[in-house]
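I opened this model to look up how its parts are put together, and these are my notes.

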Amino acid sequence: MSRRHFLLASSVAAFAQSPNDRAGTAVIGTGNRGSYLLTSVIEQPDTRVAAVCDLKADRLDKAASAAAKDNPFVTKEWRKVIERKDVDAVYVATPPHLHSEMAIAALEAGKHVYCEKPVGVNARQVRDIVRAAKRSNKVFVAGQQMRTMKAHMAAVEKIHAGIIGEVYLVKAQRHANADLPHDGSSGDWYFDASKSGGYLVEQSVHNLDLCNWAANMIPVRCAGFGSNMRYKGQPGGRTIFDNSNLIYEYPNGAKLNFTQNVFHPRQLPNGSQMVYVYGEKGAADIMTTSTVFFHDGRDREVLHNKPAEDRHAHTRMFFDLIKGTGKNAADWRVGATAALTAILGHEAMTKQRIVTWQELGVEL
Ligand SMILES: NC(=O)c1ccc[n+]([C@@H]2O[C@H](COP(=O)([O-])OP(=O)(O)OC[C@H]3O[C@@H](n4cnc5c(N)ncnc54)[C@H](O)[C@@H]3O)[C@@H](O)[C@H]2O)c1
C-alpha cells in the first residue's frame, strides 16, 4: 500500500469512530487561545466537539457551554481525553511546557494533533515531538498559522521566485508597548521561562518562522543579549527577559537581525512588528507595506493586494489533511524549526555565547 493510500485509509477508519462522519475533536486547554480554537472547530461543518478539557472550572464550563450542541465529554484530566474512542483529533492549547507531553501521548494513542506553538520550550521537548510525529501516520499541525495566511504565502512565494535575488539580511522585530498583564489570564505561567520559554519562544516564534520561511533557510548559529530594563523583578520570580537582541547567521552567510521588547510606544513610527528582507536586487517589506524596493531604479512592486484571509484557515487545513486532501503548510518540521530558532536565541542570551544549531542536537 502506498503511503498516501495508507494515510487515506487510516483517516477514513478514524472518522468512522465518530457519529455522522464528523471528526470527533477534543480541545485540551480552553483558555484564551483554546477557546478561540474551539470556535474554529465549531464553525467547521465536518467536525464535532467530542471533548473539552481544562484544569480551571470556569474555563471548562465556558467551553462546555460553547460546544453544548455536541454534548462533549467534559473533564479536568487530559489523559482521559486521549483514551476516548470517539476522539479522532486533539487540539493542544495548554501552556507551552506541556505541549510535547500531551501531543506525543495523543499521537501515540492514534489521534491527529493540532499543537499550539511553540511545540516545545527546550530542544529536548522539540526532539521528542519530532520523533513522535515521524513515527506516527497521523496528521500533525503546528499552530504556526502565519503559514496559512494568503498575504504571507504570496510575499514569500515571490521572494522564493527571486524577486530580490539572493537573501543578504533579514531585519525583523516583534515589539509591544507593555508586558502582558501580570495578573492576566496567562499570568500564572507566562513569566516563568521554564513554562513559556519567554517572549522570544512564546511569541516571536511566529516572526522568526516568517523570517526563516522568507529566507528559505534555517540559521546555523546565533549570538545575542537579553535583559530586563523596564520590568526588573516584576512580577516576583520573573525569569523571562523584557528585551532580546539577536543576530543569527544563515548558511550562505546572510544574517537575521531580530529584536523583541515590551517598551515600544504605540505611536512610534514603523510599527511594532516588521520583517525586511534584503537581497542582491533590492529589499522587501513583508509585514507592513508588502512592497519590494529595487536597487536598479525600477519602480517599487507591491507583493500582493492584501487578500481577504479566512481567520480559521489553519483549522480548515487541519481537517482537510485528516480527510487526505491538501498540503500541510505547518507540519512537524515547520513547528520544530520555528521553536528551535527561538530556543537557539534564548540559549545564546542565557549562556552568553554563540550557540550553534548543531548543539541543539535535534535531527530533522
Ligand atoms: N497561534 C497563536 O497565535 C497563539 C495565540 C495565543 C496563544 N497561543 C498559544 O496557546 C497556548 C495557550 O495560551 P493561552 O494564551 O490560551 O494561555 P491561557 O493561560 O489563557 O490558557 C491555557 C489553559 O490551559 C489550561 N491548562 C493548564 N494546564 C493544564 C492541564 N494539565 N490540563 C488541562 N488544561 C490545562 C489552563 O488552565 C488554561 O486555561 C500557548 O502555547 C500559547 O503560546 C497561540
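Before reading any packing angle, I noted that axes are lines fitted to C-alpha atoms, for helices over the stretch in contact, and that angles run from 0 to 180 degrees between N-to-C directions. I also kept in mind that this is a predicted model.

Entry 1, a helix pair. I looked up helix 6 (residues 123–135) and helix 12 (residues 332–351), and found that they pack at an angle of about 170°, with their axes 10 Å apart. Angles over 145 degrees count as roughly antiparallel, and therefore helix 6 is roughly antiparallel to helix 12. I then listed who meets whom: Ala123, Val126, Ile129, Val130 and Ala133 come from helix 6, and they meet Trp332, Ala336, Ala339, Leu340 and Ile343 of helix 12. By class, this contact divides into 10 nonpolar residues, with no polar and no charged ones.

I traced an open sheet of 6 strands, whose order is 3-2-1-4-5-6 and whose pairing is parallel. Its edges are strand 3 (73–75) and strand 6 (140–142), each of which pairs on one side only, and the twist averages 20° from one strand to the next.

Inside it, strand 7 (residues 167–175) and strand 11 (residues 273–279) pair in the antiparallel sense over 7 bridges, where Leu169 stands opposite Tyr278 and Ala172 has Val275 as its bridge partner. Strand 11 is also joined by 3 bridges to strand 12 (residues 282–285), again antiparallel, with Tyr276 opposite Asp285, and the hairpin that joins strand 11 to strand 12 passes through 2 residues.

The domain assignment gives domain 1 as 3–146 + 313–330 and domain 2 as 149–307 + 340–360. I noted that their C-alpha centres lie 28 Å apart, and that 14 residues of domain 1 are in contact with 19 residues of domain 2. The side of domain 1 that touches domain 2 has 7 nonpolar, 6 polar and 1 charged residues.

Which residues come nearest to the ligand? Of the 25 residues around the ligand, I found these to be Gly29, Gly31, Asn32, Arg33 and Glu116. The shell draws at least three residues from each of domain 1 and domain 2, and helix 2 (residues 32–42) gives the most to it, with 3 residues. By class, I recorded 8 nonpolar, 10 polar and 7 charged residues in this shell.

Note on methods
Residues numbered from 1 in each chain as written. Predicted model: local features only at pLDDT ≥ 70, side-chain atom pairs only at ≥ 80, totals over all residues. Near = placed C-beta within 6 Å. Helix = DSSP H or I, 4+ residues; strand = E, 2+ residues; numbered from the N terminus. Nonpolar A, V, L, I, M, F, W, Y, C, P; charged D, E, K, R; others polar. Domains from an automatic or database assignment. Pairing = 2+ DSSP bridges. Contact = placed C-beta atoms within 7 Å. Parallel < 35°, antiparallel > 145°, perpendicular 65-115°, else oblique.
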